[in-house]
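Visitor: I would like to go through the side-chain packing in this model. Could we begin with the aromatic rings?

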Amino acid sequence: MKHCPAPAGRPRFDIADIVRQHRATLEAEVHLTLAQRKVLSAMALCRTAALGGHVDTCRSCGFERPAYNSCRNRHCPKCQALRQERWIAARTERLLPARHFHVVFTLPSELRGIGKCYPREIFGALFAAASETLLELGESRLSAMIGVTMVLHTWTRDLRFHPHVHALVTAGGLASDGSRWVPSGRKYLFPVEVMGMLLRAKMMAALRRLHAHGTFEYFEDFADPEAFDRMMGKLARTKWVVYAKEPFKRVDHVLKYLGRYTHRVGIANSRLVLVRDDAVIFRTKNCKTVTLPPAEFLRRFVQHVLPDGFHKIRHYGLYAGASDNARAQALERLAPATATATTTNAALSWPDELRELTGHDVQHCPRCGDILEHHPVVAMLARAPPLAREAAA
């Protein structure tokens, strides 16, 4: 696959500018949820005077520059880099020094409509079905507890709705009696056909429970009393897609890979090629581009906003928080035979983290190199609409 790296330096265009200019058009065409409106409000204010900040000044040469606060919203493309690095650092301490497989569980197209209307229920069911599939196969085929970290994504490269879960899975697990580490096959974890059939059965059982409890009462597609049964019949005949890659051999490769998926949002500013009043052009796969009207671009973007409080990263088996004792046992069984254990550096301050990550130094004057002084400025939320104040709180 041809790879087109993003241009070096600060991105030329900002999704926040598209939000500020075309949000009204979007809301005239599409009914937005409260969560979606809060995300747009947060992005529109991110790193502007409305959220406050400080002015950097240099006593030596008189240099001055404003530095405004970020919105810290998890859907904002400008607010994820440091969070991602901190998350990776925290996970480094818990990651087992073993090979890991990458497995992807995809929601069938027949469930995308209901997934948009009931994301909390459908995505929660997908997490449960996929994790149970892996853990049960670990027990039945390896007689062991495996470790699983899962990350939900809902988009394609052109921002269409395509929910799927990325799973990072240990290539083996702790034996049921805790006596040894049981490795999986070197080339594959479990047969993808078996994983697909188990996923289908578990998801269909979850859908039946939700339907029986009246969860889908207001879903328009089920106005016909027989519509749910027809959908279930179609799902039973559908081959559910599960994809698995060969395992990573080194722990540091696992961490780099994991970081690419954890805090990613639907699209980054660096993928924007051109923004006009009538069009947004952005890169997709193989150096191709997509051109959309600005309101359609925003419509595609907001359909990936998750419900408030919904956890898109989850851990199971040996990586679950409640499995610390089992994980410690697994580490004891693995450590003697492993030479790839990672070490973590001492915690850095956020300015040092930012410099390590981006090369941007916020502590020293770019003209003379002297230490900058930071003078706080007050947030000007009086100029912001009510939803903006809520987003900034």
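Visitor: Which residue lies over the face of Phe310?
Guide: That residue is Arg314, at 4.7 Å from the ring centre. Please keep in mind that the model is predicted.

Visitor: And how many aromatic pairs does a search of the whole structure find?
Guide: The search finds 9 aromatic pairs. One of the pairs is Phe123 with Phe161.

Visitor: Why is the pair of Phe123 and Phe161 tilted?
Guide: The planes of the two rings stand at 35 degrees, so the pair is tilted, and the ring centres are 6.3 Å apart. A pair counts as edge-to-face over 60 degrees and as stacked under 30 degrees.

Visitor: Where do Phe123 and Phe161 sit in the chain?
Guide: Phe123 belongs to helix H5 and Phe161 to strand E5, so that the pair links distant parts of the chain, 38 residues apart. Both residues are buried.

Visitor: What about Phe216 and Phe222: what kind of aromatic pair do they form?
Guide: Theirs is edge-to-face, with 65 degrees between the planes and 6.0 Å from centre to centre. Phe216 has a relative accessible area of 4% and is buried; Phe222, at 14%, counts as buried too, because the cut-off is under 20%.

Visitor: On to the cores. Which residues have the most contacts inside the largest nonpolar core?
Guide: They are Phe105, Leu134, Met150 and Phe216, in a core of 51 residues. Elements giving two or more residues to this core are strands E3, E4 and E5 together with helices H5, H6 and H7. H5 provides the largest share, 10 residues.

Visitor: What lies apart from that core?
Guide: Another core of 31 residues does, and among its members are Ala44, Ile267, Val280 and Leu292.

Visitor: Last topic: at what angle do H6 and H7 pack?
Guide: The angle is about 175 degrees, and the axes are 11 Å apart. H6 and H7 are therefore roughly antiparallel to each other, given that angles over 145 degrees count as such.

Visitor: Which residues meet there?
Guide: From H6 come Arg200, Met204, Leu207, Arg208 and His211, which meet Phe228, Met231, Met232, Leu235 and Ala236 of H7.

Methods:
Residues numbered from 1 in each chain as written. Predicted model: local features only at pLDDT ≥ 70, side-chain atom pairs only at ≥ 80, totals over all residues. Heavy atoms only, no water. Core = buried A, V, L, I, M, F, W, Y, C linked by side-chain atoms within 4.5 Å. Buried < 20%, exposed > 50% of the residue type's maximum accessible area, 1.4 Å probe, protein only. Helix = DSSP H or I, 4+ residues; strand = E, 2+ residues; numbered from the N terminus. Phe/Tyr/Trp six-rings, centres within 6.5 Å; stacked < 30°, edge-to-face > 60°. Lys NZ or Arg CZ within 6 Å of the ring centre and 35° of its normal. Axes fitted to C-alpha atoms, helices over the stretch in contact; angles between N-to-C directions. Parallel < 35°, antiparallel > 145°, perpendicular 65-115°, else oblique. Contact = heavy atoms within 4.5 Å.
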